[in-house]
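This report concerns a helix and a group of aromatic side chains. Please consult the sequence and the structure shown below.

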Amino acid sequence: MQATPLRLPKPVGDALSALPAYPGSLLFVTALNLALAKQLGDDVGDMLKGKSLRLCVTDARVAFDFAWVNDRGVGRFVARHASRPDETSDLTISASAHDLVLLARRKEDPDTLFFSRRLAMEGDTELGLLVKNTLDAIELPVFDPQQLTPAKVLGRLRARWVPAPRRG
């Protein structure tokens with residue numbers, strides 16, 4: 001018997017779904033650009049160009065809308081304003097917050113989640129396979145939520161912004 005997948009509590013989903021979508025998409029693409037943009041080949045960028053993508057976190061009832069652009073030879077993800085919540089994207093990927101974290105931490109395989117109906121892809125099938133195969137091929141650091149604790153984040157920021165003491 002398979003355990004029930006973890007879900008965010010309904011009150012948390014209710015609160016998150018009331019937030020405006022664009023700021024979340026902007027934060028999401030910032031993370032994508034830091035983690036992925038420089039690792040995507042030109043061929044992948046060419047195939048993504050002009051495509052609208054949406055990542056839905058089902059239990060949080062939030063969606064991140066974004067696209068790939070190439071400005072002056074530099075490719076990057078940009079947040080999109082979805083004019084309507086029901087507006088279609090070229091590719092929509094949906095899963096619970098827990099399952100998306102499992103994917104990011106490489107603790108679960110996308111095929112396993114897909115065939116157990118915990119991950120859904122809607123829209124352009126070829127684009128979906130491109131995204132999946134690209135992510136599988138890229139050597140990404142494993143997402144560790146412990147790296148996001150306030151002490152660790154502040155420590156990294158301090159190391160970057162505070163000059164080392166002068167000697168002598």
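This is a predicted model: local features need pLDDT of at least 70, side-chain atom pairs count only at pLDDT 80 or more; totals for chains, interfaces and linings use all residues.

## Helix H6

Helix H6 comprises 13 residues, 125-137. At the start of H6, the backbone nitrogen of Glu126 has a side-chain oxygen of Asp124 within 3.0 Å.

Buried positions in H6 are Leu127, Gly128, Leu130, Val131, Lys132 and Thr134.

## Aromatic pairs

The structure holds 5 aromatic pairs. In one of them, the ring centres of Phe28 and Phe64 are 5.0 Å apart; the planes meet at 15°, so this pair is stacked. Phe28 belongs to helix H2 (residues 21-35) and Phe64 to strand S2 (residues 62-71), so the pair ties together parts that are 36 residues apart in sequence. Phe64 has a relative accessible area of 17%, and therefore counts as buried, the cut-off being under 20%.

Trp68 and Phe77 form an edge-to-face pair, with 4.8 Å from centre to centre and 75° between the planes. Both partners are buried: the relative accessible area is 5% for Trp68 and 6% for Phe77.

## The aromatic cluster

Which residues do the ring pairs link into a cluster? The members are Phe28, Phe64, Phe66, Trp68 and Phe77.

Note on methods. Residues are numbered from 1 along each chain as its sequence is written. Side-chain values use heavy atoms; hydrogens and water are left out. Helices (H or I, at least four residues) and strands (E, at least two) are DSSP runs, numbered from the N terminus. The expected span of a helix is 1.5 Å times one less than its number of residues. Buried means under 20% relative accessible area, exposed over 50%, partly exposed in between (1.4 Å probe, protein chains only). A polar contact is a pair of N or O atoms within 3.5 Å; within protein, one must be able to donate a hydrogen and the other to accept it, and residues adjacent in sequence count only if both atoms are side-chain atoms. Rings of Phe, Tyr and Trp (its six-membered ring) pair if their centres lie within 6.5 Å; planes under 30 degrees apart count as stacked, over 60 as edge-to-face and the rest as tilted.
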